[in-house]
Amino acid sequence: EVTKDKNGIQQVVLRNHRGASARVSLHGGQVLSWKTERGEELLFTSSKAIFSPPKAVRGGIPICFPQFGQRGSLEQHGFARNKMWVIDQNPPPLPSDSNSNAHIDLLLKPSEDDLKLWPHSFEFRLRVSLAVDGYLTMISRIRNVNSKHFSFSFAYHTYFSISDISEVRVEGLETHDYLDNLCQKERFTEQGDALTFESEVDRVYLDSSNIIAVLDHEKKRTFVIRKEGLADVVVWNPWEKKSKSMVDLGDEEYKQMVCVDAAAVEKPITLKPGEEWTGRLELSVVPST
Ligand code: BG6
């Protein structure tokens with residue numbers, strides 16, 4: 001189902017037959033909503049979010065490409081999240097995803113202006129699918145259609161909706177090294193058996209496990225993140241002070257969100273001419289005690 005938001009931007013709504021749904025905007029290829037069969041929203045979107053391109057919406061799952069953060073000469077998190085994508089009518093087959101799932105295929109190719117900033121021709125194919133069991137899957141295929149190799153970093157910058165940041169812990173990162181963006185990217189090792197939040201957190205966990213859990217004690221639910229092709233996990237919560245400096249985030253809203261991103265940051269992905277990379281994210285939610 002293709003609809004338009006109030007600014008005329010096309011959005012695609014995916015539904016499974018049990019009533020779960022997901023909404024994907026052609027602005028940025030960004031997933032803006034993912035709901036359970038009971039209609040519960042699982043992704044955070046700020047009440048102050050600005051829905052006018054090019055700036056990405058504060059919430060959902062913006063895609064950071066070809067640069068994560070400020071690790072390069074491009075604007076923060078690269079340009080893909082700011083661009084208008086198109087529906088890919090004839091995507092190459094994708095053996096790893098069942099075509100029986102509700103899905104949409106989107107395509108991004110660089111504009112002349114993009115090529116001035118980042119002189120590498122690529123084709124970025126994104127499939128978003130919603131399975132019968134409500135799992136949300138995102139598969140990115142990035143192909144080098146250039147005559148030279150190029151490198152990029154990447155993240156599915158996922159804003160989970162949570163009851164309260166003090167009720168949440170992230171499991172699966174223990175014993176892994178991380179780079180702390182709040183300490184000049186210094187390298188530390190995670191000592192605790194789960195990550196909890198008491199102040200701003202902005203970290204890149206390196207070579208992490210491919211399954212990460214975000215437990216919400218109060219809501220009694222756990223998000224399970226499964227990733228492939230993406231070595232790192234970014235964890236971000238802006239906390240009080242930084243929230244106040246962000247125009248598109250309410251002062252108290254940091255309590256209702258946590259970003260846990262499947263990402264490739266520390267070791268950029270390099271593609272030779274003609275080569276293609278695939279990065280997969282699968283999200284599910286399970287009841288917990
Ligand atoms: C996080 C970064 O992933 O994204 C933070 O680690 C950054 O440093 C945050 O503030 C949000 O970025 P933006 O560009 O969407 O405001």
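## Exercises on strands, burial and the ligand shell

Strand 3 (residues 21-25) and strand 4 (residues 31-35) are paired in the antiparallel sense over 4 bridges. Strands here are DSSP runs of E with at least two residues, numbered from the N terminus, and two strands pair if DSSP finds at least two bridges between them. The model is predicted: local features need pLDDT of at least 70, side-chain atom pairs count only at pLDDT 80 or more, and totals for chains, interfaces and linings use all residues. Residues are numbered from 1 along each chain as its sequence is written.

R23 has S33 of strand 4 as its bridge partner, and V24 stands opposite V31 in strand 4.

Next, take the turn. The hairpin has 5 residues between strand 3 and strand 4, and G28 in the turn has a positive phi of about 85 degrees.

First, set the cut-offs. With C-beta atoms placed from the backbone, a residue is buried if 20 or more other C-beta atoms lie within 10 Å of its own, exposed if 12 or fewer, and partly exposed in between.

Now apply them to L32, which is found in strand 4. L32 is buried because 21 other C-beta atoms lie within 10 Å. Leaving out residues up to four places away in sequence, L32 touches R23, S25, T45, V57 and G60; contact requires C-beta atoms, placed from the backbone, within 7 Å.

Turn to K148, in the loop between strand 9 (136-144) and strand 10 (150-156). K148 has 10 C-beta neighbours inside 10 Å, so K148 counts as exposed. Its C-alpha atom is 8.8 Å from that of L271, which is 123 residues away along the chain.

**Exercise C. Which strands pair with strand 8, and in what sense?**

Start with strand 8 (residues 122-130): 8 of its 9 residues are buried.

On one pairing, strand 7 (residues 102-108) joins strand 8 in the antiparallel sense over 7 bridges, with L107 opposite R125. On the other, strand 8 and strand 9 run antiparallel and are joined by 9 bridges, with R127 opposite I139. The hairpin of strand 8 and strand 9 has 5 residues between the strands, and G134 takes a positive phi near 90 degrees.

Define the core: a set of buried Ala, Val, Leu, Ile, Met, Phe, Trp, Tyr and Cys residues joined through C-beta atoms within 7 Å. The largest one has 73 residues, and V235 is among those with the most contacts inside it, along with F160, V233, V234, V260 and A263. Strand 19 (residues 257-271) gives the most to this core, with 8 residues.

List the contacts of V235. Apart from neighbours within four places in sequence, they are V170, L195, V201, R203, Y205, C259 and V260.

Follow L195, in the loop between strand 14 (186-189) and strand 15 (201-205). L195 is buried because it has 22 other C-beta atoms within 10 Å. Its C-alpha atom lies 9.5 Å from that of V235, 40 residues apart in sequence.

List them: G69, Q76, H77, H157, N181, D202, V234, W236 and C259. The criterion is a C-beta atom, placed from the backbone, within 6 Å of the molecule.

Sort them. The shell divides into 3 nonpolar, 5 polar and 1 charged. Ala, Val, Leu, Ile, Met, Phe, Trp, Tyr, Cys and Pro count as nonpolar, Asp, Glu, Lys and Arg as charged, and the others, Gly among them, as polar.

Key:
Two residues are in contact if their C-beta atoms, placed from the backbone, lie within 7 Å.
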